[in-house]
Amino acid sequence: MTHTLQGQRILIIGGGRGIGADIARRAEQAGATSIVATRAGDLDLKLDVLDEETLAAAAAALGPVDHIVSTVSAHHDVPVGDLDHDKVVAAFGTKVVAPLLVAKHFADLVRPGGSMLFFSGVVGWQPKPGTVVKGVANGALDYLVRHLAVELAPLRVNAIAPGLVDSGTWDRLGEAGKSALLANATQGSLVGRHGTVSDISDAALWLLSAGYVTGELIHVDGGARHR
């Protein structure tokens, strides 16, 4: 796959691991410079999407960029009866409030022809018990992207909704739990397998270089939402 990212600067928020880290690596291979922002500031830039002061400080230190990618999320997958107020707020914060604040502080730094890319998820289109917070937050991001694309034009704004991907997120389940989850995802996929970080990175790099695409949410889920 060929990407026109040579010589470009890309800010990747949440690029310290998983999908974000792979996008950063692949962008570098395509000739771009990746600036990785994490809450700890242990890589290139310190930035907490739920803390507007750090957003403003990071924007002031960053300088012009060609693209901004945010992969951050906060999970709260519990039944409605077990919902925790602060965790609900954090989950919506990363998917709804954070993109708005990233746009507020960083849109003016994006060079002509550039874009912003956010991440939703398949659960927004697959309601199931225990995922109401994640599902609604991911669905809301779809509408947010459309509005931002109109308001910030000609800056392009898009999103990706991945299916279940073996990105390291599920390692916390232990080997048996993770294997069961991935097997279930394979069974629920129309292409007969679960997703990989490369599947998502391919779509991300394409969207960054797809100059005629904006206001779109691209599903990269192996057709899982159609099951």
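Residues are numbered from 1 along each chain as its sequence is written. In this predicted model, local features need pLDDT of at least 70 and side-chain atom pairs count only at pLDDT 80 or more, totals for chains, interfaces and linings use all residues, and side-chain values use heavy atoms, without hydrogens and water.

**Exercise 1.** Determine the strand order of the open sheet and which strands form its edges.

*Solution.* Helices (H or I, at least four residues) and strands (E, at least two) are DSSP runs, numbered from the N terminus. Two strands pair if DSSP finds at least two bridges between them.
Step 1: the seven strands follow the order β3-β2-β1-β4-β5-β6-β7, with parallel pairing.
Step 2: β3 (45–46) and β7 (217–220) each pair on one side only and are the edge strands.
Step 3: β1 (residues 9–13) and β2 (residues 33–38) are joined by five bridges; Ile-13 has Ala-37 as its bridge partner in β2.

**Exercise 2.** Describe how α2 and α3 meet.

*Solution.* Step 1: the axes (lines fitted to C-alpha atoms over the stretch in contact; angles run from 0 to 180 degrees between N-to-C directions) of α2 (residues 52–62) and α3 (residues 85–106) come within 9 Å and cross at roughly 35°.
Step 1: contact means heavy atoms within 4.5 Å; among the residues that meet are Leu-55 and Leu-62 in α2 and Val-102 and Phe-106 in α3.

**Exercise 3.** Locate Pro-154 and state whether the peptide bond from Ala-153 is cis or trans.

*Solution.* Step 1: Pro-154 lies in the loop between α4 (132–152) and β6 (156–162).
Step 1: the bond from Ala-153 to Pro-154 is cis, with omega near 15°. Most peptide bonds are trans.
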